[in-house]
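Thanks for making the time this morning. I would like to walk you through one model, taking it feature by feature.

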Amino acid sequence: MAAIRKPFKYSYHNITLWLICINVAVYLLTFFVGRAFKIDLMNYLGLSLYCVFDQHFWWQPVTYMFTHSGFLHLLLNMLALFFFGFPTEKSIGSKEFILLYMLCGVLIGLSSIGVLYLSVKLTGSIVDYMVPLVGASGAVYSILLTYAVCYPRAKIFIWGIIPVPAPLLILIYFVVEFVAQIWGSSSVAHFAHLLGFLFAWLYLVIRIGVNPIKVWKNAYKR
């Protein structure tokens, strides 16, 4: 456990900006260069059972989190990464930040593949086998939870009007995603969002040695 919790020497290298730039670059590559040369880059970069198991595209558990299905999908994820990524990176340092982001993102991808595999085995759904999982949202949710731990008394203004404490926002998002996963019919990968919270929580407990619940309780003690 001591080796796992060995801290990095603090440094700040604007990794959040680099992540945003990479996501934008991959989007431009996918939708403009790919279409210009008639190459379906979404098939190569997104994460699907067919491509991983049949085509052996082993890189997809990494590349899927930099690939987006459209401009709005990209915009929403990058806005969240912009607002929550910079302060979180400044709080924990760039090395810890990129390890958290990439590790959670890859674990989300691998877990999603496992769940989709079981789903296909149980239901025989060709859709689950073929449709790719794309987007940074799972990793961004991991950053959102970490932000709420680093800044437990911060308030996020919903629609720029309603102030919501960061821990309460996490709870609201969790409930919304959980309900949507159980009863919703949207194509949004709600399960990946929930995994983002889960893996960030485990990262904070195991790697950092911080229990989010205790942090939030202490922050709001009278």
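This is a predicted model: local features need pLDDT of at least 70, side-chain atom pairs count only at pLDDT 80 or more; totals for chains, interfaces and linings use all residues.

Residues are numbered from 1 along each chain as its sequence is written, and side-chain values use heavy atoms, with hydrogens and water left out.

The structure holds one salt bridge, a term that here means a side-chain nitrogen of Lys or Arg within 4 Å of a carboxyl oxygen of Asp or Glu. Glu-96 pairs with Arg-207, and their closest N and O atoms are 2.7 Å apart. Because Glu-96 sits in helix α6 (residues 94–123) and Arg-207 in helix α10 (residues 190–208), the pair ties together parts that are 111 residues apart in sequence; helices are DSSP runs of H or I, at least four residues, numbered from the N terminus. Both Glu-96 and Arg-207 are buried, meaning under 20% relative accessible area with a 1.4 Å probe and protein chains only.

Helix α8 (residues 137–150) is largely enclosed by the rest of the structure, since 13 of its 14 residues are buried.

Finally, Ser-11 lies in the segment before α1 (15–36) and counts as buried because its relative accessibility is 15%. Leaving aside neighbours within four places in sequence, Ser-11 is in contact (heavy atoms within 4.5 Å) with Gly-93, Ser-94 and Lys-95.

Terms used:
Helices (H or I, at least four residues) and strands (E, at least two) are DSSP runs, numbered from the N terminus. Buried means under 20% relative accessible area, exposed over 50%, partly exposed in between (1.4 Å probe, protein chains only).
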